[in-house]
Amino acid sequence: MADAPRAPEVPGAPEGTYGSDGPRAPEAPGTPEGSSGQEPARPPDHPRAGDGGGTAPADGPGGAGPAYGTAAPGRTESGRTASGRRAYSRRAPIRTEDGPAFGTAGGPANGAAGGGDAAGPPGPADLPGPPAGTAPGASTVAVAVRHGGRRTVAVTGTEDHRGGRPAGARTRFELGSVSKTYTALLLAEMAARGEVRYADPIGRFLPRGGVPDGPARAITLLHLATHTSGLPRLPPGLLRRAVPRWFSNPYAELDTADVLAALARTRPHAAPGTRVRYSNFGVGLLGLLLARAAGTGFDRLLADRVLDPLGLAGTGCAAAGQATGYWHGRPRPAWHIPGLPGAGGIRATAEDLLRYLEALLAPEDTGAPAPLRAALADVARPRLVLPRSGGDRMCLVWNARARPGHDLVFHSGGTRGFVSFVGFSPQRAVAYAAVANTAPTLRGTFIQHAYLAFRELAAGGEATGTGPATGTGEATGAGGGGGGGA
């Protein structure tokens with residue numbers, strides 16, 4: 001496919017920032033509240049871009065892991081890479097929806113082969129997954145894979161450390177920032193129906209005075225879905241309010257009214273469409289605006305337009321039926337994010353995660369309504385090229401990386417008690433999901449190992465021949481660390 005256009009690098013541009021599902025304090029005096037994460041340089045073939053949305057590891061164990069589901073491999077919370085190099089910034093234009101979609105894989109969306117719960121840890125020979133040691137404190141780890149025409153769900157352990165019931169394919173896990181991919185799918189579905197347009201300014205869905213004068217009036221729905229809105233990582237004022245619940249539920253007291261009030265006093269850090277800056281605030285706002293456009297709540301909209309048509313009965317925003325999450329071995333309450341559910345409020349079973357990824361692999365085989373089938377294809381369409389990335393692209397929320405003969409499309413996430421990674425390769429008909437009930441930590445490598453397992457599966461997958469890859473060579477980075485977010 002033709003490359004998306006890039007904007008020139010701007011000398012002296014502030015460094016890009018990526019954030020986390022859980023807020024953290026500014027790292028240096030004068031750092032704007034909620035904008036402390038730095039987008040790091042990455043070594044060759046390391047995903048990045050995103051709040052968990054692109055966190056991937058150094059090629060091998062031992063890389064610094066994401067903090068609260070955010071830092072990508074090799075990055076520390078100081079905003080420096082593992083080698084000590086300062087993270088760099090990106091400036092890129094939006095690519096509108098005129099580029100070709102990634103090739104889609106053949107085969108049924110919900111494969112008929114086997115599956116079920118494994119009695120023990122997934123065996124590396126037949127079901128690659130992160131080693132148990134990469135999720136310290138977890139009582140259960142689940143890996144779900146579609147590869148070579150087979151689908152398998154393997155779940156180990158129990159739902160909590162206190163004699164809970166055995167975990168299984170229907171145990172629910174908090175997804176953290178993987179939730180953002182569902183919000184992106186809602187956007188694409190509503191655009192396919194003609195209910196919204198990607199180019200709609202956010203003010204269309206807000207009352208008078210809901211958007212401050214100035215650059216914010218130029219923010220569109222597409223800007224929110226590609227982290228180019230210029231909005232900060234977190235709503236202004238959240239850090240101060242979150243302190244009492246810092247290590248459990250930092251978003252619990254933030255409701256929809258608080259989010260809209262924060263927007264009314266927010267000035268973008270960059271002109272919309274000129275710079276990639278990972279933002280929980282932005283994608284969470286997108287979910288609220290879509291719900292307002294549909295005249296319903298986010299969870300109801302998600303169920304009606306995505307979950308029910310795809311048969312994802314174990315997915316939703318409610319906490320019922322989920323495993324207990326752990327942070328450094330301590331049980332955490334269920335994650336509560338009422339004001340920004342589209343940024344990190346969804347739970348899912350391992351079985352549902354695999355069905356979701358299979359739908360993205362083969363939209364036409366889902367039996368879903370036409371707008372949803374169109375959205376499943378459109379959501380993985382590259383929208384912009386990430387500067388200094390070796391050709392990495394951003395789709396609607398999803399991160400995309402070209403490999404020899406195929407593409408890797410992925411996202412990751414974390415909450416105060418869970419860590420998650422999902423990815424699919426359209427040309428190789430490979431889908432991969434890994435989740436655990438422990439929070440990502442600076443030394444954890446769960447996401448790193450999950451990405452490597454996914455990459456290796458895709459490298460060995462059978463080519464479907466249904467669409468061109470976006471590139472033929474390995475992406476090369478600036479060295480140093482991996483990059484990304486939750």
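In which helix is Ala191 found? In this predicted model, Ala191 is found in helix α1, an element that spans residues 179–193. Leaving aside neighbours within four places in sequence, the contacts of Ala191 are with Val196 and Tyr198. Ala374 lies 183 residues from Ala191 along the sequence, yet the C-alpha atoms of these two residues are 9.6 Å apart in space.

The protein comprises ten helices and twelve strands. Of its 486 residues, 64% count as buried. Among contacts between residues at least 6 apart in sequence, 76% join residues at least 24 apart.

Helix α1 and helix α6, the latter formed by residues 298–310, have axes that come within 10 Å and cross at roughly 70°. Because angles of 65 to 115 degrees are classed as roughly perpendicular, α1 is roughly perpendicular to α6. The crossing in which α1 passes α6 is left-handed. On the α1 side, the contact is made by Tyr182, Thr183, Leu185, Leu186, Glu189, Met190 and Arg193; α6 contributes Phe298, Leu301, Leu302, Arg305, Val306 and Leu307. By class, the residues of this contact between α1 and α6 comprise nine nonpolar, one polar and three charged.

A further partner of α1 is helix α5, which covers residues 280–294. The axes of α1 and α5 come within 10 Å, with a crossing angle of roughly 40°, and the two helices are therefore oblique to each other. As α1 passes α5, the crossing is left-handed. Lys180, Thr183, Leu186, Leu187 and Met190 of α1 meet a set of α5 residues consisting of Asn280, Val283, Leu286, Gly287, Leu290, Ala293 and Ala294. The contact of α1 with α5 has eight nonpolar residues, three polar residues and one charged residue.

Helix α9, formed by residues 370–378, also packs against α1, at an angle of about 130° and with the two axes 8 Å apart. This angle makes α1 oblique to α9. The crossing of α1 and α9 is right-handed. In this contact, Leu185, Ala188, Glu189, Ala192 and Arg193 of α1 meet Pro371, Leu372, Ala374, Ala375 and Leu376 of α9. The residues involved in the contact of α1 with α9 divide into eight nonpolar and two charged, with no polar residue. Ala374, which takes part in the α9 side of this contact, is the residue whose C-alpha atom is 9.6 Å from that of Ala191.

In soluble globular proteins, nonpolar side chains tend to be buried together. The largest nonpolar core of the model has 89 residues, of which Tyr182, Ile202, Leu221, Leu224 and Trp398 touch the most other members. Tyr182 also belongs to the α1 side of the contact with α6. With residues up to four places away in sequence not counted, Leu221 touches Leu187, Val196, Arg197, Tyr198, Asp200, Ile202, Phe205, Leu286 and Leu289. Among these contacts of Leu221 are Leu187 and Leu286, which also take part in the contact between α1 and α5. A second, separate core contains 21 residues, including Val145, Tyr451, Ala453 and Leu457.

Backbone geometry was examined at two loop positions. His227, although not a glycine, has a positive phi of about 55°. The loop holding His227 lies between α2 (221–225) and α3 (238–242). Because its relative accessibility is 2%, His227 counts as buried. Val397, likewise a residue other than glycine, has a positive phi near 70°. The position of Val397 is in the loop between β8 (393–394) and β9 (399–403). At 1% relative accessibility, Val397 counts as buried.

A further loop residue, His328, is placed between β4 (325–327) and β5 (330–332). The relative accessible area of His328 is 54%, so this residue is exposed. Between His328 and Thr441, which are 113 residues apart along the chain, the C-alpha separation is 8.4 Å.

Conventions:
Residues numbered from 1 in each chain as written. Predicted model: local features only at pLDDT ≥ 70, side-chain atom pairs only at ≥ 80, totals over all residues. Heavy atoms only, no water. Axes fitted to C-alpha atoms, helices over the stretch in contact; angles between N-to-C directions. Helix = DSSP H or I, 4+ residues; strand = E, 2+ residues; numbered from the N terminus. Parallel < 35°, antiparallel > 145°, perpendicular 65-115°, else oblique. Left-handed = near helix turned anticlockwise from the far one by under 90°. Contact = heavy atoms within 4.5 Å. Nonpolar A, V, L, I, M, F, W, Y, C, P; charged D, E, K, R; others polar. Core = buried A, V, L, I, M, F, W, Y, C linked by side-chain atoms within 4.5 Å. Buried < 20%, exposed > 50% of the residue type's maximum accessible area, 1.4 Å probe, protein only.
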